[in-house]
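I opened my notebook to look up a few spots in one model.

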Amino acid sequence: MTLIPLGIPRRLLEFTIDGEPVRAPEGSTILDACRSVGKDVPTLCQGDTLTPKNACRVCVVEVEGARTLVPACSRKAEAGMQVRTDTERARHSRKIVLELLASSVDLSTTPEVAGWLKEYEAKPDRFGPDAARLNEEPKVDNDLYVRDYDKCILCYKCVDACGDQWQNTFAISVTGRGFDARIAVEHDAPLTDSACVYCGNCIEVCPTGALSFKSEFDMRAAGTWDEPAQTETTTVCAYCGVGCNLTLHVQDNEIVKVTSPHDSPVTHGNLCIKGRFGYQHVQNRD
């Protein structure tokens, strides 16, 4: 018999979402509660292993009595709260945010965003061909992963994963101000000259593909990347005795990338360089 740890009991809060009564544990966010009852609230910057940063503003909802729209990813649920997720005001805000993002950033590898643009009738092209874009070439300065800042929405998830929330390497941060703000290593040097330890935890949390495996980048460029055809197998890393869980993504009988389950009590989605990138020996045919 498997014993499931109960954890610390939490008081249940009662409130409403779109007029329907909801009960959620104390400490839950509005987004947690929405997902628990099957309400689809879009978000880009929210990560299930990171503290919310409120950066993308796609998940805003209306709360009765609140002067402004509130980010569902970070606003804690309260007893008696009346939440509305699909009002004209919330939909208009999401539409504008999606238009601004899609007009200035390449969202072609961002999951679900194409559906959101259609759902909210967002028209990024209305800003015209002169809409400001970074127009930067991808930074390919190592054999493990690629930085394509043309796809970066400045959600800060990579900074947090590299910083005090997980890795504590602090190799990357935000530099510049306003439209010139961007993610960079110290002195904007090549990655190989930075403090990066190549754990790849920044790739794990990136929502847009601005950070990607070199293998994925190369296959996309060649037109051979076929995610629907890939299989996923979760196993245990054999490099040391910690017991990290690995999820092997396999296409055409080749491992194309490695992730880690976010619900793993050992890794919480994080790995070291060997676990995330050291898989070539498995398929060495020599």
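Before anything else, I wrote down a cut-off: a residue is buried under 20% relative accessible area, exposed over 50%, and partly exposed in between. I also noted that this is a predicted model.

**Entry: Arg57**

I looked up Arg57 and got a relative accessible area of 33%. I found Arg57 in the loop between helix 1 (30-36) and strand 3. Its phi is near 65°. I marked that as a positive value in a residue other than glycine.

**Entry: His268**

I turned to His268 next. Its phi is positive too, about 50°, and His268 is not a glycine. I placed His268 in the loop between strand 12 (254-259) and helix 7 (273-277). Is His268 buried, exposed or partly exposed? Its relative accessibility is 32%, so I put His268 down as partly exposed.

**Entry: helix 6**

I checked helix 6 (residues 214-222) for buried residues. I wrote down Lys214, Glu216 and Met219. What covers them? I found strand 6 (145-147), strand 9 (211-213), strand 11 (245-251) and strand 12 among the elements that do. After helix 6 comes Gly223. I recorded a positive phi for Gly223, near 80°.

**Entry: Asn201**

I finished with Asn201, which I found in helix 5 (residues 201-205). Its relative accessible area is 1%. That is under the 20% cut-off, so Asn201 is buried. Which side chain does the side chain of Asn201 meet in a polar contact? I found Gln167, at 3.1 Å. I then listed the contacts of Asn201, leaving aside its neighbours within four places in sequence. They are Ala161, Gln167, Gly269, Asn270, Leu271 and Arg276.

Technical notes
Residues are numbered from 1 along each chain as its sequence is written. This is a predicted model: local features need pLDDT of at least 70, side-chain atom pairs count only at pLDDT 80 or more; totals for chains, interfaces and linings use all residues. Side-chain values use heavy atoms; hydrogens and water are left out. Helices (H or I, at least four residues) and strands (E, at least two) are DSSP runs, numbered from the N terminus. Buried means under 20% relative accessible area, exposed over 50%, partly exposed in between (1.4 Å probe, protein chains only). A polar contact is a pair of N or O atoms within 3.5 Å; within protein, one must be able to donate a hydrogen and the other to accept it, and residues adjacent in sequence count only if both atoms are side-chain atoms. Contact means heavy atoms within 4.5 Å.
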